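Visitor: I would like a close look at one part of this model, the charged side chains and what surrounds them. Please take it slowly and keep to what the coordinates give.

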Amino acid sequence: TQACHEAAARPILIAIDQEGGTVARLHDGFTESPGAMALGAADSETLAEQVSGVLGAELRALGINWNLAPVLDITHDINNPSVGVRSLGTDPERIAALGVAQVRGFQDAGVAATAKHFPGKAKTPVDPHISLPVIEEPLDDLWHTDLVPFRAVSAAGIASMLITHVQFKALEPDDPS
């Protein structure tokens, strides 16, 4: 990563998927952190921020300045194969508060955070990496549930959002997001 930074004519972004828990690309010699389900169960914004701060500090030391985390999907369907233990829980307001804390931890360490999977993909048992999930929920329902954490991290200054590959009929009747 250092060679890439030095070779670039302008500042560059180097990204990784280091959520903690089951989605951690760096292992040997790096902090093994609790995943989102464990952080949600602990229900501590301080802990969530500290864990993300440690991960962010390690990433920054490697020259990685953009992390594809945190996951802000709400557990609606426990059978969703692509979210599962990667979710902070079932309460949109608690996920919002814990997600904002995670964003603070990463970004205070100098690593851009990414809220995912906008606008929320956990209301289906279909893995979007295998087939196209379709969610036929009214937009008002999304506004009061799945979008709550995304609005919170947006207001808190998150660097980016990752859009999910799910079709939301209320947003786009013919194509996936």
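Is lysine 116 buried or exposed?

Guide: This is a predicted model, and what follows is computed from it. Lysine 116 is buried, because its relative accessibility is 3% and the cut-off for buried is under 20%. Its charged partner is glutamate 19: the two form a salt bridge in which the closest N and O atoms are 2.8 Å apart. The lysine belongs to strand E5 (residues 114-118) and the glutamate to strand E2 (residues 18-20), so this pair ties together parts that are 97 residues apart in sequence. Glutamate 19 is buried as well, with a relative accessible area of 11%.

Asp17, Glu19, Arg25, Arg86 and Lys116 are linked in a network of salt bridges. Within that group, arginine 25 and aspartate 17 meet through their side chains at 3.1 Å, N to O. Aspartate 17 has a relative accessibility of 17%, so it too falls under the 20% limit and counts as buried. Side chains of opposite charge can pair when their charged atoms come close.

The count of salt bridges comes to nine. One of them joins glutamate 137 to lysine 123, with 2.3 Å between the closest N and O atoms. Glutamate 137 sits in the loop between strand E6 (134-135) and helix H5 (139-144), while lysine 123 is in the loop between E5 and E6, so the bridge ties together parts that are 14 residues apart in sequence.

Next, the nonpolar side chains. The largest nonpolar core has 20 residues, and Leu72, Leu88, Ala115, Val153 and Ile158 have the most contacts inside it. Helices H2 (36-42), H3 (45-61), H4 (92-108) and H6 (147-155) each give two or more residues to this core. H4 supplies the largest share, six residues. In soluble globular proteins, nonpolar side chains tend to be buried together.

Leucine 88 shows the packing in detail. Leaving aside neighbours within four places in sequence, leucine 88 is in contact with Ala36, Leu39, Gly40, Val71, Asp73, Ile95, Leu98, Gly99 and Gln102. There is also a second, separate core of six residues, with Ile16, Leu59, Ile64 and Val111 among them.

Terms used:
Residues are numbered from 1 along each chain as its sequence is written. This is a predicted model: local features need pLDDT of at least 70, side-chain atom pairs count only at pLDDT 80 or more; totals for chains, interfaces and linings use all residues. Side-chain values use heavy atoms; hydrogens and water are left out. A salt bridge is a side-chain nitrogen of Lys or Arg within 4 Å of a carboxyl oxygen of Asp or Glu. Buried means under 20% relative accessible area, exposed over 50%, partly exposed in between (1.4 Å probe, protein chains only). Helices (H or I, at least four residues) and strands (E, at least two) are DSSP runs, numbered from the N terminus. A nonpolar core is a set of buried Ala, Val, Leu, Ile, Met, Phe, Trp, Tyr and Cys residues joined through side-chain atoms within 4.5 Å. Contact means heavy atoms within 4.5 Å.
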